[in-house]
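These are notes for a colleague who has not looked at this entry before. Please read them with the model open.

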Amino acid sequence: MPKIVDHEARRNEIVEAFLAVVTRAGMPAATSRATAAELGVGTGALWHYFDGFDDVAAAAYQRISERTNARLAASTAGRRGLDAVHAMLREIYPLEKETVEEAYVVVGFWGRLAANERIGAGKDVAGHWSVLVRDHLVEAVQDGELVPETPVDDVSDVLFAVGMGQQAFAVMRSPLSAPARQLSLIEHCLIPWRTPGFARSHDG
């Protein structure tokens, strides 16, 4: 009888192999040949499950997004307002080894997306995260942490624009991506809208 192959399971193995190479050797080393070698198969075996390497990169980006979603849910459980905002952004900004490695996958995906917009379909996770941050900013206004006139939509958009820029800086190994600087930029986005004298001991 012919061997029955779980197509989705094999796709997952390929994505995990790709991410393993990125973690161990960096994004430039994560070629189709290196990914296949990680699995102990020939390069041609990859194309039974993906149409091309752009699709592997897109699937890896999706996997990173799913992992981030899980971390966001865990980190914000029981939190609200600015406490939740800071918890969310610490899981998205490239502040730790894990999120720096993820930045390489994300920025690499952007590069492929620029030449192949098809692979971006249905992958606007940043838009979803921005809505979540906006909701927590609304809570911060309700709780008196931020002033009533805070433009929550604009502040949320700026926080994510800064975060995407920091991912690019992290990939370039720029001193602009130093964790202390990233946290300072988050605070600069919030300072104009903070309620004067409101206690901040729970932030971050």
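1. Helices here are DSSP runs of H or I with at least four residues, strands are runs of E with at least two, and both are numbered from the N terminus. On that basis, residues 31-50 are 40% helix and 0% strand, and the end C-alpha atoms of this span are 14 Å apart. UniProt, in an unreviewed entry, annotates residues 31-50 as "DNA-binding region". UniProt positions follow the numbering used here, feature names are shortened, and annotations may be inferred rather than shown by experiment.

2. The model is predicted: local features need pLDDT of at least 70 and side-chain atom pairs count only at pLDDT 80 or more, while totals for chains, interfaces and linings use all residues. Residues are numbered from 1 along each chain as its sequence is written, and side-chain values use heavy atoms, with hydrogens and water left out.

3. The protein chain has eight helices and zero strands. Read from the N terminus, the order of elements is α-α-α-α-α-α-α-α. Taken along the principal axes, the C-alpha atoms fill a box of roughly 70 × 40 × 30 Å.

4. How do helices α1 and α2 cross? The axes of α1 (residues 7-25) and α2 (residues 32-39) come within 9 Å and cross at roughly 110°. Axes are lines fitted to C-alpha atoms, for helices over the stretch in contact, and angles run from 0 to 180 degrees between N-to-C directions. The two helices are therefore roughly perpendicular to each other. Angles of 65 to 115 degrees count as roughly perpendicular, under 35 as roughly parallel, over 145 as roughly antiparallel, and the rest as oblique.

5. On the α1 side, Arg10, Glu13, Ile14, Ala17, Phe18, Ala20, Val21 and Arg24 meet Ala34, Thr35, Glu38 and Leu39 of α2. Contact means heavy atoms within 4.5 Å. The residues of this contact divide into seven nonpolar, one polar and four charged. In this count Ala, Val, Leu, Ile, Met, Phe, Trp, Tyr, Cys and Pro are nonpolar, Asp, Glu, Lys and Arg are charged, and the others, Gly among them, are polar.

6. Ser32 is found in helix α2. Thr43 is eleven residues from Ser32 in sequence, and their C-alpha atoms are 6.3 Å apart. Leaving out residues up to four places away in sequence, Ser32 touches Thr43, Leu46, Trp47 and Phe53.

7. Helix α1 also meets helix α5 (residues 97-115), with axes that come within 10 Å and cross at roughly 115°. This crossing is right-handed. Leu19, Val22 and Thr23 of α1 meet Lys97, Glu101, Tyr104 and Val105 of α5. By class, the contact has four nonpolar residues, one polar and two charged.

8. Helices α7 (residues 152-171) and α8 (residues 179-190) pack at an angle of about 165°, with axes 10 Å apart. They are therefore roughly antiparallel to each other. In α7, Val155, Val158, Leu159, Val162 and Gln166 meet Gln182, Leu185, Ile186, Cys189 and Leu190 in α8. Eight of the contact residues are nonpolar, two are polar and none is charged.

9. The structure holds 15 salt bridges, each a side-chain nitrogen of Lys or Arg within 4 Å of a carboxyl oxygen of Asp or Glu. One of them joins the side chains of Arg71 and Glu91 (2.7 Å, N to O). Arg71 lies in helix α3 (residues 53-76) and Glu91 in helix α4 (residues 81-92), so the pair ties together parts that are 20 residues apart in sequence.

Terms used. A crossing is left-handed if the near helix is turned anticlockwise from the far one by less than a right angle, and right-handed if clockwise.
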